[in-house]
Amino acid sequence: MGKKILDSKLLYALLAIVIAIGLWFYVATVENRTDELSITGIPITFLNEDVLAENGLMITSGRDQTATLTVTGPWSTLVKLDQAKDSISLTIDVSRITTPGEQRMAYNCTLPFGYSSSVSVTNRSPSNVDFTVSRRTSNEIKVVGNFEGTLAEGYLMDGFTIRPETIEISGAESDVNQVAYAQVTVGGDNLSTTVEGEMNFTLIGYQGEELTGLDVECSVDTVLVTMPVVKTAEVPLNVVLIPGGGVTSENMEEYVECKIEPESITVSGEEEDLAPLTEIVLGEIDLGNVISSDTFTFDIPLDSSLTNISGVTSATVTVTISGLETKVLEATRIELTN
């Protein structure tokens with residue numbers, strides 16, 4: 001009996017009719033019903049900003065805005081659109097703006113391909129976008145170095161070398177005009193070696209304040225900085241005294257007084273260049289040409305690898321001879337030869 005029921009064609013026909021009615025009801029009441037969907041956080045994009053730049057203008061505020069769209073259509077289509085919402089495009093064409101100031105414009109809405117005919121946008125929030133267009137300008141500013149740290153004892157920071165020395169900044173006129181210079185800050189504790197590398201910089205205002213949040217672009221992101229750290233040493237000055245005029249190498253110390261002003265200078269350089277430097281010899285003085293006392297001026301010679309940080313470039317040497325007797329002899333027999 002049960003087998004006959006299962007084999008009955010009438011049973012299968014009835015099941016097919018029930019399934020068909022269910023599918024029709026689902027399509028009629030669920031798939032094709034009209035519904036409403038709100039899509040939030042859709043970014044608004046500005047088009048043709050290059051044309052705006054050609055007119056010497058730029059957008060300075062109101063750039064990062066979003067909108068909410070309310071769309072109506074078949075429920076099944078709305079579900080798919082919600083999944084493809086990243087493909088919704090909201091755009092504003094700024095190519096026709098020719099003067100700076102506050103702007104209010106409507107945006108164009110483009111739905112993903114295939115949805116425009118089946119759904120409609122019934123509401124936009126906001127419907128218009130407010131933004132600011134400012135005059136664009138540029139300026140060349142100097143890059144300076146700033147050391148915030150400590151040096152090892154006997155070492156000196158010998159300035160900065162920065163490449164490039166200047167950079168160009170461009171952006172909103174009101175922002176660019178606030179910038180006085182760019183500053184690179186080098187830090188470190190107990191430094192004894194030269195610091196070198198690519199470094200970031202900070203924009204500084206005319207009151208020395210650090211500027212942040214400016215709508216400006218810089219021609220470079222980093223600069224190459226070299227901050228030489230060199231060793232310093234105080235080096236005595238000396239002269240070579242040549243015996244003469246009654247002064248011999250044996251009695252020189254007894255009868256000759258030599259004063260040098262300054263007695264020493266401070267120089268800087270690499271440690272290996274300073275190590276062998278025990279004194280700086282200014283030159284020679286022939287004591288045979290010194291009568292009682294005489295003063296000589298010498299340039300201070302220094303190897304090109306070293307720097308005279310004292311700033312003194314010449315020295316004065318006073319030689320005084322005392323304690324020797326002087327006798328004047330009159331010569332009357334003078335012969336001319338050759």
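Modeller: Helices (H or I, at least four residues) and strands (E, at least two) are DSSP runs, numbered from the N terminus. On that basis, T91 lies in strand β4, and the chain comes to seven helices and 23 strands. This is a predicted model, in which local features need pLDDT of at least 70 and side-chain atom pairs count only at pLDDT 80 or more, while totals for chains, interfaces and linings use all residues. Residues are numbered from 1 along each chain as its sequence is written, and side-chain values use heavy atoms, with hydrogens and water left out.

Biologist: Why is T91 called buried?

Modeller: Buried means under 20% relative accessible area, exposed over 50%, and partly exposed in between (1.4 Å probe, protein chains only). The relative accessible area of T91 is 13%, so T91 is buried. Contact means heavy atoms within 4.5 Å. Not counting residues up to four places away in sequence, T91 touches T45, L47, Y107 and N108.

Biologist: Is T297 counted as buried or exposed, and what makes it so?

Modeller: The relative accessibility of T297 is 59%, therefore T297 counts as exposed. T297 is found in strand β21. Its contacts, leaving aside neighbours within four places in sequence, are with S314, A315 and T316. G283 is 14 residues away along the chain, and its C-alpha atom is separated from that of T297 by 9.9 Å.

Biologist: What share of the chain is buried?

Modeller: Buried residues account for 30% of the 338 residues. Among contacts between residues at least 6 apart in sequence, 75% join residues at least 24 apart.

Biologist: What makes a set of residues a nonpolar core?

Modeller: Such a core consists of buried Ala, Val, Leu, Ile, Met, Phe, Trp, Tyr and Cys residues joined through side-chain atoms within 4.5 Å. The largest one has 25 residues, and I88, L90, V94, Y107 and F131 have the most contacts inside it. Elements that give two or more residues to this core include β1 (34-47), α4 (75-83) and β8 (128-151). The element that gives the most is β1, with five residues. Apart from this core lies another, of 24 residues, among them I162, F201, L211 and V225.

Biologist: Which residues does Y107 touch?

Modeller: Not counting residues up to four places away in sequence, Y107 touches several, including I44, A67, L69, L90 and T91.

Biologist: How do you know that two strands pair?

Modeller: Two strands pair if DSSP finds at least two bridges between them. Six bridges join β18 to β23 (residues 314-321), and the two run antiparallel, so they meet that rule. I260 stands opposite V317 in β23.

Biologist: What is the order of strands in the open sheet?

Modeller: The order is β18-β23-β21, three strands with antiparallel pairing. β18 (256-261) and β21 (293-299) each have a single partner strand, so they stand at the edges, and one side of each is left without a neighbour in the sheet.

Biologist: How many disulfides does the structure hold?

Modeller: A disulfide is a covalent bond between the sulfur atoms of two cysteines. The test applied is a pair of cysteine sulfur atoms within 2.5 Å, and the structure holds zero disulfides.

Biologist: Why are C109 and C218 called partly exposed?

Modeller: C109 has a relative accessible area of 21%, and C218 has a relative accessibility of 28%.
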